[in-house]
Amino acid sequence: MSEAQTQIPVTVLTGYLGSGKTTLLNRILSENHGRRYAVIVNEFGEIGIDNDLIVESDEEIYEMNNGCVCCTVRGDLIRVVEGLTRRPGRFDAIVVETTGLADPVPVAQTFFMDDDVRSKTRLDAVVALVDAKHLPLRLKDSKEAEDQIAFADVVVLNKTDLVTPEELAAVEATVRAINPTAKIHRTERSGVDLANVLDRGAFDLKRAVENDPHFLDAEEHGHHDHDHHGHDHAHPSAIHDVTVQSVSLRAGEMDSKKFFPWIEKVTQLEGPNILRLKGIIAFKDDPDRYVLQGVHMIIEGDHQRAWKDGEKHESRLVFIGRDLDAERLRKSFEACQAA
Amino acid sequence: MPTVAPLDIDGHCLAAVFLNDIPFFAFADGAVHRLDHGHKTVQANDGLLCTALDAAANRLVTAGEDGKVFSIRADGTVEELASAGRKWITSVAAGPQGAIAYGAGRYAFVRFADGKVKEFAHPRSVEGIAFAPKGMRIAVARYNGATLHFPATDGKPTELEWAGAHTGATFSPDGAFLVTTMQENALHGWKLADGKHMRMSGYPAKVKSLSWSTKGKWLASSGAPAAIVWPFQGKDGPMGKAPLELGTRGDAMVTCVACHPSEEVVAIGYDDGMVLASRFADQKEVLLRRPGKGAVTALMWDGEGRRIVFGTATGDCGVIDIAG
């Protein structure tokens, strides 16, 4: 039995006040989708459903005592997850709702950094709800709204009925500028198909790549991408109030002896500025594709599958973050290529 | 030869104790089983999260997901002691004179024997709670340290600071030291007389089980492939001294420890369900139970040191008779 089968999937739901999180949670709790969810919320308040598996928990962000400034975890989640998983069989999956202003990173890192949590659960996806009408305003007054989008695997662009088609296109372009790799779903009244939100396997590297043949190909395959940029360049967005940038890198086959020390150094030095990173790497003399992902300084990688006949042995890497030196990343990345 | 009388239940055992020499097993679903002329069961919490043995009052105190605190007596009587609303109660402790303490969210509560409840608000979550052995005093483990309260008076609390998340607390039996478990793989301690720090680190895993030896001379801990036993005989505790490593195994981690009531011997439970006992003086080991289905989560000796009650994460519990 593989570990992945026994680990309970966890979906993290972020989004500003008024973005429709509660409506979506109520749907997850009440719709007949054949799965039972335990839901961890900050306040019972608005959820009108009485359910034993709704747990109220105070967001406790704990810095780890290891000298790493970005190594933070949600202490309360460690406790709640431990309690919930002592009685498996009550539920199939867990949803964590964060407060509107929450930084999604500590939640995600909890599922990588705590051994107990990691052995029993796995992060399935980070879903950001975005209010199409108010996003431009949110971006003006907070860094958190942008972080939530930048960090997400799935963005639910909600309340599309409250904006004109032109406004919607502009908002979507903004979301895409902040996060070139997220899946975007347009919806009204949080009416997104739950299959697009739950059980995504977005942090399961192998599955994320298999489910999305265009993984890391945002530019080429459109994804409604409206700003234009080259592959090797950073694109601090032309869109106003966006401070997150993404750096997409592309190169040939890598020398593993150069690449691993390089990525380790980059994540050590630039970790605080890196929100997410994702990549598919081709190593010289390696028949398998290597996939990797990271959150700040935490990085994980694994062989995914053999390169197919005729498939181009190409390495691709995307960083989403702030204050990234795109030119230096590109040069040092290319320097890791095999001779 | 030691013999094991098994009790197999479906579920996760959180606590295994003796009340009046009767073995009790408290499970995560809130059911409390006992072996008293046959297998009997009572229901306490709707979802059990934490327990405390109140040896003086001869009762087991339980708290959990239903926001309630119960006491279970040796005859199986269940009594609701307190309720904290809809929040989970994640820590509980039993103190002198029938007092109990419990933590829910950012509040710690002390309930006195007469039913009066006093509440203490904290800026961050109450992660762990412990009573001092003498006097009406509690310690609350929290982010960046611990807070000492004197619930019987209105005095100001004492703050003990140490960076990092502290998840549990225990006083030494003489009341001289406070030791906390941490989110990191370490223990931290304070000498209460002068606030001196004690760092006990080097564990490969989180420490979840602590047990003071007879007269509080040693503190045994889990979190490593051996029971790590720190010397507390000196006035500065274990500082500058190496701990004992007892029952070292290459292929398993210690998950639970319990010191013998009168001798310098510790019962050690492992993540594969094995239980053995080891003597401090010569590190001699006796196998008490072969590996089972899951990690040992609870261990306790009876008053004579003749029997051990144990529980596991997979519900294969039992009573070990040392003499057989």
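## Domains of chain A

Chain A is divided into domain 1, residues 3-203, and domain 2, residues 245-334, with bounds that come from an automatic or database domain assignment. This is a predicted model, in which local features need pLDDT of at least 70 and side-chain atom pairs count only at pLDDT 80 or more, while totals for chains, interfaces and linings use all residues. Residues are numbered from 1 along each chain as its sequence is written, and chains are lettered from A and ligands numbered from 1 in the order in which they are written.

Taken over C-alpha atoms, the centres of domain 1 of chain A and domain 2 of chain A are separated by 26 Å. Their contact takes 15 residues from domain 1 of chain A and 13 residues from domain 2 of chain A, where two residues are in contact if their C-beta atoms, placed from the backbone, lie within 7 Å. On the side of domain 1 of chain A that touches domain 2 of chain A, α4 (104-113) and α7 (143-151) of chain A each supply at least two residues, and α4(A) gives the most, with five residues. Helices (H or I, at least four residues) and strands (E, at least two) are DSSP runs, numbered from the N terminus. By class, that side of domain 1 of chain A has 11 nonpolar, three polar and one charged residues; here Ala, Val, Leu, Ile, Met, Phe, Trp, Tyr, Cys and Pro count as nonpolar, Asp, Glu, Lys and Arg as charged, and the others, Gly among them, as polar.

## Confidence along chain A

Over residues 1-5 of chain A, pLDDT stays under 50, and the model has three contacts beyond four places in sequence for them.

## Hairpins in chain A

Strand β11 (residues 274-282) and strand β12 (residues 288-295) of chain A pair in the antiparallel sense over six bridges, two strands being counted as paired if DSSP finds at least two bridges between them. A:Lys278 has A:Gln293 in β12(A) as its bridge partner. The two strands, β11(A) and β12(A), form a hairpin with five residues between them, and in its turn A:Asp285 has a positive phi of about 60°.

β12(A) also pairs in the antiparallel sense with strand β13 (residues 298-306) of chain A, over seven bridges, and the bridge partner of A:Tyr290 in β13(A) is A:His303. Two residues lie between β12(A) and β13(A) in this hairpin, and A:His296 in the turn has a positive phi of about 50°.

## A sheet in chain B

In chain B, four strands form an open sheet in the order β24-β25-β26-β27, with antiparallel pairing. Its edge strands, β24 (254-259) and β27 (285-289) of chain B, each pair on one side only. Strand β26 (residues 275-279) of chain B pairs with β27(B) over four bridges in the antiparallel sense, and B:Ser278 stands opposite B:Glu285 in β27(B).

## Where the chains meet

Between the chains, 16 residues of chain A are in contact with 22 residues of chain B. On the side of chain A that touches chain B, β3 (54-56), α3 (75-85) and α5 (115-120) of chain A each supply at least two residues, and the largest share, four residues, comes from α3(A). By class, this side of chain A has four nonpolar, three polar and nine charged residues.

Terms used:
pLDDT is the predictor's confidence in each residue, from 0 to 100.
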